[in-house]
Amino acid sequence: MAVQLKEGVYWVGVVDWALRHFHGHELSTHRGSSYNSYLIVDEKTVLVDTVWGPFQNRLIKNIAELVDPSKIDIVVANHAESDHSGSLPAVMRHTPNATLIVSPRGKESIEGHYHQQWNFKTVKTGDRINIGKNELIFVEAPMLHWPDSMFTYLSGANILMPNDAFGQHYAAAFLFNDQVDQTELYEEALKYYANILTPFSAMVTKKIDEVLEINLPVDMIAPSHGIIWRKDPLQIVTKYQEWAAQRPEQSAVILYDTMWEGTRQMAEAIGEGIAAEGVQYKLFHVGLSDRNDVLTEVFKAKAVIVGSPTLNQGLLPTIRPILEDLRGMKFQNKVGAAFGTYGWSGEGVAIIEDHLKLCKIPVVAEGVKAKWQPKRDDLSLCRELGIKVAKAIRGEPV
Ligand code: FEO
């Protein structure tokens with residue numbers, strides 16, 4: 001069902017309560033998601049973004065509640081990724097002569113996805129299109145989320161439609177931020193930022209500064225996933241500024257996997273050392289934990305301590321995905337350390353330390369290796385490692 005945002009502006013998207021994985025199986029979505037699409041009825045009829053392809057019929061039905069889909073004059077594709085562009089073919093079949101507004105890289109990407117000669121018009125930052133009483137104003141926003149992304153602002157209604165930015169994978173019964181559980185909302189907004197936007201934090205800061213400088217009034221921020229920010233809409237912009245600065249909490253996460261519980265004992269002893277210094281920590285068996293939830297905790301924490309037994313002169317395969325995330329997320333302002341058991345060759349700790357250095361996470365305490373099952377002395381070394389990391393978290397000499 002369509003929902004009115006303001007006079008002449010409607011949400012015509014789809015709430016996907018059943019979604020549990022996104023980007024294939026790359027990202028967990030425990031609370032579902034939504035694909036938000038907006039219909040603007042002015043002298044021209046405009047559709048901003050579509051929905052993922054499997055839901056194309058619901059989008060067309062929602063539009064048809066308000067206008068004949070063949071009367072759409074302008075379609076804006078803020079971002080070419082399939083969750084937003086997947087229903088473009090269906091929409092364009094209804095209105096084949098509509099102008100399709102895209103960024104220059106959006107044109108390249110949409111042509112690559114759909115191989116159609118639609119009536120493209122490319123726009124760049126500052127371009128405006130008059131649609132009657134109001135205007136559409138465009139701001140290119142590369143890397144929020146991909147190089148083609150852009151924001152669309154609707155004057156008069158003062159609605160910013162920034163596509164992926166400021167979104168959440170969060171299915172809810174209601175559409176606006178003042179109507180939903182605030183804890184859930186911020187958990188999902190943070191998970192979204194931590195898992196998707198962290199590597200582009202410098203660009204987030206720059207883009208927010210640029211948009212604030214334009215000084216457009218903003219009554220609502222209407223992203224393409226999750227709820228719409230209408231109560232104090234700039235609160236999420238302030239949060240993004242905070243998150244993009246990557247100033248972690250004074251806390252640690254210990255990430256490990258274990259074969260016969262030895263590395264687990266070491267992880268717990270490290271935790272005891274951290275807690276002895278009055279510093280918070282969380283401990284995750286990564287083989288049993290949701291990778292994206294763990295990554296969100298890594299985002300929040302100052303220290304990341306990784307442990308694995310040595311297996312086949314390397315690491316347990318289950319620890320590898322989170323190491324790949326530590327590389328890809330380009331975290332800043334963190335410190336790290338490594339630990340693990342071994343039976344014969346014992347390369348694991350050095351491999352983790354090398355990887356942390358590759359991720360530009362300085363190793364602040366010498367790694368602890370324990371042969372076979374950890375002895376009392378090994379566990380004492382683990383506690384000492386925890387104490388050293390806690391001191392590094394506080395900025396004290398180790
Ligand atoms: Fe929601 Fe980058 O797609």
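The questions below take up strands, a crossover, cavities and a pocket.

Guide: This is a predicted model, in which local features need pLDDT of at least 70, side-chain atom pairs count only at pLDDT 80 or more, and totals for chains, interfaces and linings use all residues. Residues are numbered from 1 along each chain as its sequence is written, and side-chain values use heavy atoms, without hydrogens and water.

Visitor: What makes β9 and β10 a pair?

Guide: Two strands pair if DSSP finds at least two bridges between them. Strands here are DSSP runs of E, at least two residues long, and helices are runs of H or I, at least four, each numbered from the N terminus. β9 (residues 74-76) and β10 (residues 99-102) share 3 bridges, in the parallel sense. Val-75 has Leu-100 of β10 as its bridge partner. β10 also runs parallel to β11 (residues 119-122), over 4 bridges. There Leu-100 stands opposite Phe-120.

Visitor: Why is the unit of β10, α4 and β11 called right-handed?

Guide: The test is the path from the first strand over the helix to the second: with the strands pointing away from the viewer, a right-handed crossover runs clockwise. β10, helix α4 (residues 104-114) and β11 make a right-handed β-α-β unit.

Visitor: Why are β12 and β16 called edge strands?

Guide: The open sheet has 5 strands, ordered β12-β13-β14-β15-β16, with mixed pairing. β12 (128-130) and β16 (220-221) each have a single partner strand, so one side of each is left without a neighbour in the sheet. β15 (residues 159-161) pairs with β16 in the parallel sense over 2 bridges. Ile-159 faces Met-220 in that pairing.

Visitor: What makes a space a cavity, and how many of 30 Å³ or more are there?

Guide: On a 1 Å grid over the protein atoms alone, a cavity is a set of points where a 1.4 Å probe fits but cannot get out; a pocket is an open set with protein on both sides within 12 Å along at least five of seven lines. Lining residues have an atom within 4 Å of a point. The structure holds 3 cavities of 30 Å³ or more. The largest cavity has a volume of about 60 Å³. Its lining includes Val-15, Asn-36, Tyr-170 and Phe-174.

Visitor: What is the volume of the largest pocket, and which residues are closest to its centre?

Guide: The largest pocket holds about 280 Å³ of space. Of its 17 lining residues, Met-259, Thr-310, Thr-341, Tyr-342 and Gly-343 are closest to the centre. α8 (262-276), β20 (310-311) and β22 (335-342) each give two or more residues to the lining.

Definitions and conventions:
Points joined across faces, edges and corners; volume = space filled by probe spheres on them.
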